[in-house]
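I want to go through the charges and a few loops here.

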Amino acid sequence: MAYLEINGVQYEAKASFKFERKANERYVDPNQEYSGLEKIYQDLMSYKISALLAFWDCATSHLKKEQPSVESIEDTLVSLIEEDEEELEKLFKEAFQVIDNSGFFKLQLREFWKNLDMIDKLAKDEEEKEQALLAKEMFLDKRKELNPSR
């Protein structure tokens, strides 16, 4: 489980309907076909710092009125990273594992990985196939790096 202390209060990250709803409301990229959850998931694999903020915004949405503000989440993340650069990798791993190990998103993520596994089969030519295989390998390596138990 992932926890984040904000203003003296410990928050536990939860992957649930509310996580996905908020991800789809706030974090969908209109130029891509991915859901908000898939965007956050991929951005965590790419170590995009904005993905940590999006993750914690969604992962605390189950708290309703007690949910910390985006600004307080951001301030906490900035403080943690500035205090200890090693904390950054830990934050990414914990966030990724909450999603990747979630029984709630198990089938959706299985489809994501199944589709990724077929990416090279959809290539039009050898160059595109080679690029697809490299992308697939990169995603698989990132998953192992962020979630060694998988």
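Which residues form a negative surface patch? I looked it up in this predicted model: E82, E83, D84, E85 and E86 make up the patch. I then checked E85, which sits in the loop between α4 (70-83) and α5 (86-100). E85 counts as exposed because its relative accessibility is 69%, and the cut-off for exposed is over 50%.

Next, salt bridges. My count came to 10. K90 and E87 are 3 residues apart in α5, so about one helical turn separates them. K90 is partly exposed at 41% relative accessible area, whereas E87 is buried at 18%. K90 also forms a salt bridge with E94, with the closest N and O atoms 3.8 Å apart. Here the spacing in α5 is 4 residues, again about one helical turn.

I noted K93 and E89 as well: they form a salt bridge with closest N and O atoms 3.4 Å apart. Both count as partly exposed, K93 at 26% and E89 at 39%. Elsewhere, salt bridges with shared partners join K22, R26 and D57 into one network.

Last, two loop residues. Q32 lies in the loop between α1 (17-26) and α2 (36-45), and I have Q32 down as partly exposed at 40%.

Terms used
Residues are numbered from 1 along each chain as its sequence is written. This is a predicted model: local features need pLDDT of at least 70, side-chain atom pairs count only at pLDDT 80 or more; totals for chains, interfaces and linings use all residues. Side-chain values use heavy atoms; hydrogens and water are left out. Patches are made of residues with over 30% relative accessible area and no salt bridge: like charges are joined within 9 Å, nonpolar side chains (Val, Leu, Ile, Met, Phe, Trp, Tyr) within 5 Å. Accessible areas come from the Shrake-Rupley method with a 1.4 Å probe; for residues, only the protein chains shown count as cover. A salt bridge is a side-chain nitrogen of Lys or Arg within 4 Å of a carboxyl oxygen of Asp or Glu. Lys and Arg count as positive and Asp and Glu as negative; His and the chain ends are not counted. The place of a charge is taken as NZ of Lys, CZ of Arg, CG of Asp or CD of Glu. Buried means under 20% relative accessible area, exposed over 50%, partly exposed in between (1.4 Å probe, protein chains only).
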